[in-house]
Amino acid sequence: MKEIKTLAEARAYFQGDRYATEATGIVIEAVRSGFARVSLNVEARHRNAAGLVMGAVYYTMADFAFAVAANFDRPLTLTVTSSISFLNPARGKILYAEARLRKAGRRSCTAKVAVSDDCGTDVAIVTLNGMTIAE
């Protein structure tokens, strides 16, 4: 994997994550060392039978934001463990997930991802751990 150093490079590389970008519709908004922000316009396909956004949507956004942050100017890193806490149902029309690396070592990293909506609702908090894959 070529080292990702710009927003354009991140968008181009992660177009290969077709589940996040095509099936779900997540867009990379910003990326820098140790940080990524992604967004999603909520559509009917993202809702469950109760009319609420499916929890899997929040998790997919968090995992994708982590992947972008963990692979920006770092070797290939994959999620190995994660934990999600659902806080509130989303009320807005746009969701955001912001990943911040808390530890970025040579072989592993840990991040916190906050998922919120455009109304300011805190939707979920996710902790993810990644492992660098030797190439």
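Trainee: Hi! How much of the chain do buried residues make up?

Mentor: Hello! This is a predicted model, and in it buried residues make up 40% of the 135 residues in the chain.

Trainee: Thanks. How many helices and strands are there?

Mentor: The chain has 3 helices and 6 strands. Along the sequence they come in the pattern α-α-β-β-α-β-β-β-β. The radius of gyration is 14 Å, close to the 14 Å from the globule rule for 135 residues, so the chain is as compact as a globular protein of that length.

Trainee: And what does the C-alpha trace span along its principal axes?

Mentor: About 45 × 25 × 20 Å.

Trainee: Let's turn to the strands. Which strand pairs with β3?

Mentor: That would be β6, residues 122-132, which pairs with β3 in the antiparallel sense over 9 bridges. To find a spot in that pairing, look at S83, whose bridge partner in β6 is T127.

Trainee: How many bridges join β5 to β6?

Mentor: There are 9 bridges between β5, residues 108-117, and β6, and these strands run antiparallel. Here you can look for A111, which stands opposite L128 in β6.

Trainee: What sits between the strands in the hairpin of β5 and β6?

Mentor: That hairpin has 4 residues between its strands, and G120 takes a positive phi near 90° there.

Trainee: Switching to the surface: which residues make the nonpolar patch?

Mentor: L78, V80, M131 and I133 make a nonpolar surface patch of about 310 Å².

Trainee: Where is L78 found?

Mentor: L78 is in strand β3, which covers residues 77-86.

Trainee: Why does L78 count as partly exposed?

Mentor: Because its relative accessibility is 44%, and partly exposed covers the range between under 20% for buried and over 50% for exposed.

Trainee: New topic, then. Where does K5 lie?

Mentor: K5 lies in the segment before α1, the helix of residues 7-14.

Trainee: Is K5 exposed or partly exposed, and why?

Mentor: K5 counts as exposed because its relative accessibility is 53%, and the cut-off for exposed is over 50%.

Trainee: Which side chain does the side chain of K5 make a polar contact with?

Mentor: The side chain of E3, at 3.0 Å.

Trainee: What about R32, how many Å separate its C-alpha atom from that of K5?

Mentor: The two C-alpha atoms are separated by 7.9 Å, while K5 and R32 are 27 residues apart along the chain.

How values were computed
Residues are numbered from 1 along each chain as its sequence is written. This is a predicted model: local features need pLDDT of at least 70, side-chain atom pairs count only at pLDDT 80 or more; totals for chains, interfaces and linings use all residues. Side-chain values use heavy atoms; hydrogens and water are left out. Patches are made of residues with over 30% relative accessible area and no salt bridge: like charges are joined within 9 Å, nonpolar side chains (Val, Leu, Ile, Met, Phe, Trp, Tyr) within 5 Å. Accessible areas come from the Shrake-Rupley method with a 1.4 Å probe; for residues, only the protein chains shown count as cover. A salt bridge is a side-chain nitrogen of Lys or Arg within 4 Å of a carboxyl oxygen of Asp or Glu. Helices (H or I, at least four residues) and strands (E, at least two) are DSSP runs, numbered from the N terminus. Buried means under 20% relative accessible area, exposed over 50%, partly exposed in between (1.4 Å probe, protein chains only). A polar contact is a pair of N or O atoms within 3.5 Å; within protein, one must be able to donate a hydrogen and the other to accept it, and residues adjacent in sequence count only if both atoms are side-chain atoms. Two strands pair if DSSP finds at least two bridges between them. The radius of gyration is taken over C-alpha atoms; the globule rule is 2.2 Å times the number of residues to the power 0.38.
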